[in-house]
Amino acid sequence: MNPWQTLRVILAIMGFLAIMNAYTMRISLSIAITEMVNKTAGGATEDEGGVCPIDESANPEDFTGGEFDWDEELQGIILSSFYWGYVITHIPGGMLAEKFGGKWTLSLGILSTAIFTLITPWAVELGGSTALIVIRVLMGLGEGTTFPALSALMATWIPAKERSKLGSLVFGGGQVGTILGNLLSGVLLHNIDGWSSVFYFFGGLGILWFVIFTLICYSDPESHPFISEKEKAYLKQELGTLERDRTLPPTPWRYILTSVPMMALVCAQIGHDWGFFIMVTDLPKYMSDVLRFSIKDNGLYSSLPYLVMWIVSLSTGVLSDWLITSGRMTITFGRKLFTTIASVGPACFIVGASYAGCEKAVVVMLFTFAMGLMGTFYPGMKVNPLDLSPNYAGTLMAITNGIGAITGIIAPYVVGVMTPNHTLEEWRIVFWISFAVFNVTNLVYILWASGEVQPWNTPHLMNKSVEAGDSNGEDSDPAVAKKSVQSQDAIKQ
């Protein structure tokens with residue numbers, strides 16, 4: 001059987017497109033806001049040395065902006081407001097996906113985000129910044145189910161030996177969505193008068209994805225009407241049967257919330273999200289306000305780092321699977337290694353970019369190296385919830401992604417407060433803070449993370465595991481781990 005004809009690969013591709021659409025709708029405002037806001041009032045000038053000179057060939061209108069007089073602090077609030085709603089629906093989304101399956105939890109969340117994206121221009125014209133904040137909160141509520149639902153889907157469809165590879169493919173949709181969101185937003189704003197086209201375009205793509213996904217994807221192999229018997233038997237052998245019905249044991253909250261590897265994972269997620277959200281939400285503003293790139297160039301150069309990040313995430317996902325399945329390294333060591341690369345590398349290159357001044361080519365190169373190395377988060381800590389608990393992967397992803405997303409509220413606001421004049425010196429402090437967050441959270445992950453299935457993944461074995469002293473999940477017997485993964489059928493006896 002051609003591997004590209006298997007339904008689990010089709011699901012992974014549609015999951016990739018789900019995250020891609022989610023990110024294009026999420027970050028399109030980051031480019032659009034540079035054209036919505038009046039740039040002529042306040043801020044540093046070239047004579048003061050706070051910003052870079054405008055290229056002689058540039059269009060002066062690219063640096064005047066639009067009709068809204070929103071200061072940097074208000075822009076920070078607007079850019080962070082998406083995450084106010086985003087953090088709320090993570091845990092409910094994960095629980096719903098585990099109980100009823102990830103198909104509708106995922107698809108309806110993306111659909112609602114697409115609808116709110118489409119009506120964004122109307123809302124802004126009607127109610128200004130207040131209406132925009134409300135719309136962004138509602139978008140976040142819809143999109144908050146995305147990662148938990150996808151984790152639940154992957155737990156029922158993707159075997160452990162394919163987890164890094166297909167997981168990196170799925171989660172790589174974030175980089176591709178950021179690439180397309182930045183690049184196409186720049187093209188649309190450059191060629192079409194006004195900023196509304198950005199929201200109409202990406203909202204329409206989200207609705208198109210919803211239609212296709214609901215027609216061809218299902219929550220688990222057992223419910224898929226077109227799956228081959230060969231693939232169904234293979235998945236049942238590798239994963240067991242994870243049925244979503246009333247017999248699913250209650251979520252072991254006490255054990256999850258006191259698990260040391262789980263807390264280490266949360267710390268790694270905070271470090272990743274702090275750096276990632278600053279770059280996603282504020283890199284276009286840095287390119288526009290400090291480096292003084294034109295609209296079109298801003299979209300191009302803001303997207304380049306995420307192209308490299310996507311390539312790195314896919315290639316290291318394949319590398320990670322090969323190293324683990326060949327026995328060259330354990331799952332735990334692999335998760336820690338790739339997470340460390342994704343933390344230390346970006347921390348150093350982001351700070352380096354702040355000292356490159358107005359050397360635009362050097363700055364873009366350093367940002368590209370930084371985001372490229374961040375791609376190794378995906379075969380590292382990003383797929384770690386599936387390692388710790390296949391049965392409760394949706395809930396684990398909801399907790400880690402939800403807590404990490406709080407940085408999406410804090411980081412853009414901090415940037416807005418700390419860069420009132422959007423100067424190089426102000427931004428350098430922002431990048432040094434990111435350096436510290438990256439390294440401290442990574443140290444916690446190195447010390448206490450695990451890639452082994454936790455005892456509370458199967459509640460009927462949990463008490464025995466706890467009594468045996470395995471609650472921290474440190475590289476236990478692989479045979480026991482495999483039994484834990486595949487023992488869901490025993491729960492139903």
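A word on confidence first: pLDDT is the predictor's confidence in each residue, on a scale from 0 to 100. This is a predicted model, so to speak of local features a pLDDT of at least 70 is needed, side-chain atom pairs count only at pLDDT 80 or more, and totals for chains, interfaces and linings use all residues. Residues are numbered from 1 along each chain as its sequence is written, and side-chain values use heavy atoms, with hydrogens and water left out.

The chain averages a pLDDT of 83, and 85% of the residues score at least 70. Among its elements, helix H9 (residues 196-216) has the highest mean, 95, while helix H21 (residues 488-491) has the lowest, 34. Where pLDDT is low, the predicted coordinates should not be read in detail.

As for the fold, you'll find 21 helices and zero strands; these are DSSP runs (H or I of at least four residues for helices, E of at least two for strands), numbered from the N terminus. Of the 493 residues, 60% are buried, meaning under 20% relative accessible area with a 1.4 Å probe, protein chains only.

Now look at H1 (residues 7-36) and H12 (residues 260-289): they pack at about 25°, axes 8 Å apart. The two are therefore roughly parallel, a label for angles under 35 degrees. Contacts (heavy atoms within 4.5 Å) involve Tyr-23 and Ile-27, among others, in H1, and residues including Phe-276 and Pro-284 in H12.

Conventions: Axes fitted to C-alpha atoms, helices over the stretch in contact; angles between N-to-C directions. Parallel < 35°, antiparallel > 145°, perpendicular 65-115°, else oblique. Buried < 20%, exposed > 50% of the residue type's maximum accessible area, 1.4 Å probe, protein only.
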